[in-house]
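Have the coordinates open as you read.

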Amino acid sequence: MSKAHLVDLSVLDAGQRFDLAQVLVAAFAADYPEAWPTVESALEELDILEHEGAAALVAFDSVGLPVGFIGALPMYDGNVWEVHPLAVRPDSQRQGVGARLMAALESRAAQSGVSTLYVASDDEAGTTSLGGVDVYPDPLAHLMALENRRGHPFTFYRKQGFVLVGVIPDANGFGKPDILMAKRVARRA
Ligand SMILES: CC(C)(COP(=O)(O)OP(=O)(O)OC[C@H]1O[C@@H](n2cnc3c(N)ncnc32)[C@H](O)[C@@H]1OP(=O)(O)O)[C@@H](O)C(=O)NCCC(=O)NCCS
């Protein structure tokens, strides 16, 4: 796993926050261009997470630049944390940064008595077998047969112990579903 240095979002200075906002824009540009199209929109999201989030952690690389971010929003009276968002700078992906951020978030969640981590992972660009498909009348049959066509992050979440728990058909337009996954959080010993 990556040795990236992790800190809370709240300790970043303005310059570091700007650099982190650029990471969000760059990470989502290819497959989710409408998520944070501008640095300003990403900065607003960081503000929301800092004030309303359950956790917000930043990974720094060896030269002191932000390389990744994970946030969590409380749901169901805080029993569940929604992972939102998770982003790793494109030139640093597949080096263990995302897994490290997720492990740290899970540890925070366990300390807070959270039962479940949850993530909703859109397929807007046809990167799974559900993309462009009419999943009715049996969405769960399609979900059970889910395949990765081109780097959709559900495989990353699976590797971190998440399982499929549902699908919202046509969440982002016809044939663009939201794929729902969850993981039980280990209790503190
Ligand atoms: C998804 C994302 C956060 C993963 O972070 P990362 O640092 O690249 O992931 P890691 O290097 O920690 O990968 C851990 C494992 O998942 C695998 N993995 C990571 N991303 C994957 C993907 N998109 N497709 C398939 N496998 C993937 C890795 O190969 C690795 O496998 P291994 O344990 O067998 O070696 C990152 O690619 C990203 O920011 N993507 C763009 C934004 C995004 O999609 N965010 C999630 C929205 S729900």
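Begin with a strand pair. In β5, Thr116 is the bridge partner of Val80. The model is a predicted one. β4 and β5 run parallel and share three bridges. Together with α3, β4 and β5 form a right-handed β-α-β unit.

β5 also pairs with β7, which covers residues 178-184. This pairing is antiparallel and spans seven bridges. Within it, Leu117 stands opposite Lys183 of β7. How many of the seven residues of β5 are buried? Five are, so β5 is largely enclosed by the rest of the structure.

**Two domains**

The chain is split into domain 1 (1-93) and domain 2 (115-189). Their centres, taken over C-alpha atoms, are 21 Å apart. Eight residues of domain 1 and nine residues of domain 2 take part in the contact. On the side of domain 1 that touches domain 2, β4 supplies the largest share, with four residues. By class, that side of domain 1 holds five nonpolar, one polar and two charged residues.

**The ligand shell**

There are 19 residues around the ligand. Gln93, Gly98, Ala99, Thr155 and Phe156 come nearest. Ten of the shell residues are nonpolar, seven polar and two charged. Where does the ligand lie relative to domain 1 and domain 2? Both domains give residues to the shell, so the ligand lies between them.

Most peptide bonds are trans, and most residues other than glycine have a negative phi. The table lists exceptions in this model.

| Site | Feature | Value |
|---|---|---|
| His84 to Pro85 | cis peptide bond | omega near -10° |
| Tyr136 to Pro137 | cis peptide bond | omega near 5° |
| Tyr76 | positive phi | phi near 50° |
| Asp77 | positive phi | phi near 55° |

Pro85 sits in strand β4. Pro137 is in the loop between β5 and α4. Tyr76 belongs to the loop between β3 (66-75) and β4, and Asp77 is also found between β3 and β4. Is Tyr76 buried or exposed? Tyr76 counts as exposed, because it has 12 C-beta neighbours inside 10 Å. Asp77 has 6 other C-beta atoms within 10 Å, so Asp77 is exposed as well.

**Two loop residues**

Asp134 lies in the loop between β5 and α4 (139-144). It has 12 C-beta neighbours inside 10 Å and therefore counts as exposed. Asp134 and Tyr32 are 102 residues apart in sequence, yet 21 Å apart in space, C-alpha to C-alpha.

Lys176 is placed in the loop between β6 (163-168) and β7. With 18 other C-beta atoms within 10 Å, Lys176 is partly exposed. Which residues does Lys176 contact, leaving aside its neighbours within four places in sequence? They are Asp122, Asp123, Glu124, Asp170 and Ala171. Between Lys176 and Ser115 there are 61 residues of sequence separation and 29 Å in space, C-alpha to C-alpha.

Notes
Residues numbered from 1 in each chain as written. Predicted model: local features only at pLDDT ≥ 70, side-chain atom pairs only at ≥ 80, totals over all residues. Near = placed C-beta within 6 Å. Nonpolar A, V, L, I, M, F, W, Y, C, P; charged D, E, K, R; others polar. Domains from an automatic or database assignment. Buried ≥ 20, exposed ≤ 12 C-beta atoms within 10 Å, placed from the backbone. Pairing = 2+ DSSP bridges. Right-handed = clockwise from strand over helix to strand, strands pointing away. Contact = placed C-beta atoms within 7 Å.
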